[in-house]
Amino acid sequence: MIRVVLPAHLRGLAHIAGEVQVEIEGPVTQRSVVDALEASYPMLRGTIRDHVTQQRRPFLRFFACEEDLSHESPDAPLPDAVVAGKEPLLIVGAIAGG
Amino acid sequence: MSGVRVLVGTRKGAFILTSDGKRERWDVSGPHFAGWEMYHLKGSPADPNRLYASQCSGWFGQIIQRSDDGGKTWTQPGTPPGEQAAPGGPPKAESNKFVYDTSADAGKPLTTHQFYDGTQHPWEFKRVWHLEPSLSDPDTVYAGVEDAALFRSKDGGKSWQELSGLRGHGTGPQWQPGAGGMCLHTIVLDPSNPNRMFVAISAAGAFRSDDAGKTWQPINRGLKSEFIPNPEAEVGHCVHRIAMHRSRPGVLFMQKHWDVMRSDNAGDLWQEVSGNLPSDFGFVVDVHAHEPETIYVVPIKSDGEHFPPDGKLRVYRSRSGGNEWEALTKGLPQRDCYVNVLRDAMAVDSLDKCGIYFGTTGGQVYCSADAGDNWAPIVRDLPAVLSVEVQTLA
């Protein structure tokens with residue numbers, strides 16, 4: 001079970017509280033986690049990745065295990081602690097605009 | 001008992017203000033979608049309980065929301081809360097997907113527009129500025145977007161298709177962004193002719209379609225804009241708002257960047273009617289619900305100083321379709337007022353007497369229940385108001 005922490009605005013949009021958990025079959029990557037997240041919560045499609053380009057939105061970042069993974073390949077394996085469910089994948093909105 | 005429902009979009013959420021026909025006591029509901037920019041909300045004329053809303057964010061992009069119960073509950077069309085994707089099928093979440101037409105027929109000449117520095121720039125979707133529900137079908141709604149284009153949904157907002165004849169008619173490469181971005185912010189549907197519609201774009205100008213949005217022509221003859229290289233160019237004018245009275249769809253009123261204009265031939269030719277206004281810069285213009293020659297504007301000092309002249313918030317009314325204007329001040333602040341009134345932030349109800357509403361960047365929403373003679377704030381301290389629409393309920 002993969003744990004994901006979403007920004008408050010997206011938790012509100014998806015009507016969820018706290019962490020989200022998603023099941024992943026196969027490699028655990030940024031892409032597979034966001035794919036699973038969007039499959040469970042379709043209203044999040046287009047909010048984390050651009051609808052057309054599938055690129056991470058520029059004001060969102062991916063962190064885990066105190067590392068910035070935002071510029072890793074979306075198909076790179078996530079850290080073992082995330083795969084094991086010990087640490088969450090953090091999807092963080094940039095602090096910008098006041 | 002008749003009543004009104006005022007739909008208010010702000011920088012940090014939406015609010016719904018309701019009252020009976022007296023329009024003296026108000027219930028305030030909200031914030032809905034707290035923390036999100038709510039550019040525009042509007043109800044379907046064919047089904048008052050059907051509302052559409054544009055919710056957006058610089059972080060998370062564009063969301064379309066829909067209510068089928070007059071704003072009590074909302075969903076993203078096609079994705080009710082908690083609904084799982086169909087097994088084996090794609091998630092149903094196309095309602096916030098706005099993709100420019102890049103088909104061979106339409107796409108090739110539509111690739112660029114003029115940027116601030118005069119270079120050509122590709123079209124990039126940013127947000128929905130304005131939602132205009134069909135006059136007859138609750139499931140059909142038009143969206144004016146930034147970068148400027150017109151989209152239509154025929155399935156209640158679940159999916160959107162561009163009416164690309166607008167960008168494709170030939171002048172697209174000359175369009176350029178105004179200070180607020182290159183936005184299609186005004187959509188006016190002709191109640192007497194389902195094939196005729198008008199749009200306005202900053203800074204491109206006004207356009208008309210006579211075939212239900214398939215093809216378009218610029219309708220900017222008579223406009224003069226001193227701030228562009230050719231002041232009488234076919235396109236490039238910063239039109240801020242167009243209004244029409246439903247009994248006379250051939251008569252249009254326009255608040256341009258500078259100048260208040262009118263056309264008596266569906267935009268074929270415009271003439272200036274600024275008359276004795278203290279400033280002819282402004283954003284809003286609207287028409288009295290029962291008097292097609294009675295119109296309203298809110299003068300703003302200048303394009304560099306977006307606040308009322310002399311610190312006095314004044315609505316100006318003309319009962320002659322322009323040129324002769326009177327200041328309406330009773331109940332409005334007449335000193336130290338430096339708010340703005342944005343282009344989608346004025347509306348009228350159809351009660352007798354006609355109600356006039358407007359919202360400010362200072363968070364006030366004012367109502368006049370007597371066609372502008374007297375004003376009172378419904379709310380004083382909302383986030384900056386982006387849009388105001390009103391529904392008259394039976």
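This is a predicted model: local features need pLDDT of at least 70, side-chain atom pairs count only at pLDDT 80 or more; totals for chains, interfaces and linings use all residues.

Biologist: What radius of gyration does chain A have, and does it agree or disagree with a compact globule?

Modeller: Chain A has 98 residues, and a compact globule of that length would come out near 13 Å.

Biologist: What box do the C-alpha atoms of chain A fill?

Modeller: Take the box along the principal axes. Its dimensions are then roughly 35 × 25 × 25 Å.

Biologist: What share of the contacts in chain A with a separation of 6 or more joins residues 24 or more positions apart?

Modeller: For background, buried residues make up 33% of chain A. As for those contacts, the share from residues 24 or more positions apart is 54%.

Biologist: Which residues does V199(B) touch?

Modeller: V199(B) is among the residues with the most contacts inside the largest nonpolar core, which has 135 residues. Leaving out residues up to four places away in sequence, V199(B) touches G144(B), L150(B), L166(B), L184(B), T186(B), I187(B) and F207(B).

Biologist: How many charged residues are on the side of chain B that touches chain A?

Modeller: The contact takes 21 residues from chain B and 19 residues from chain A. On the chain B side, nine are nonpolar and nine polar, and the charged ones number three.

Note on methods. Residues are numbered from 1 along each chain as its sequence is written. Chains are lettered from A and ligands numbered from 1 in the order in which they are written. A nonpolar core is a set of buried Ala, Val, Leu, Ile, Met, Phe, Trp, Tyr and Cys residues joined through C-beta atoms within 7 Å. A residue is buried if 20 or more other C-beta atoms lie within 10 Å of its own, exposed if 12 or fewer, and partly exposed in between; C-beta atoms are placed from the backbone. Two residues are in contact if their C-beta atoms, placed from the backbone, lie within 7 Å. Ala, Val, Leu, Ile, Met, Phe, Trp, Tyr, Cys and Pro count as nonpolar, Asp, Glu, Lys and Arg as charged, and the others, Gly among them, as polar. The radius of gyration is taken over C-alpha atoms; the globule rule is 2.2 Å times the number of residues to the power 0.38.
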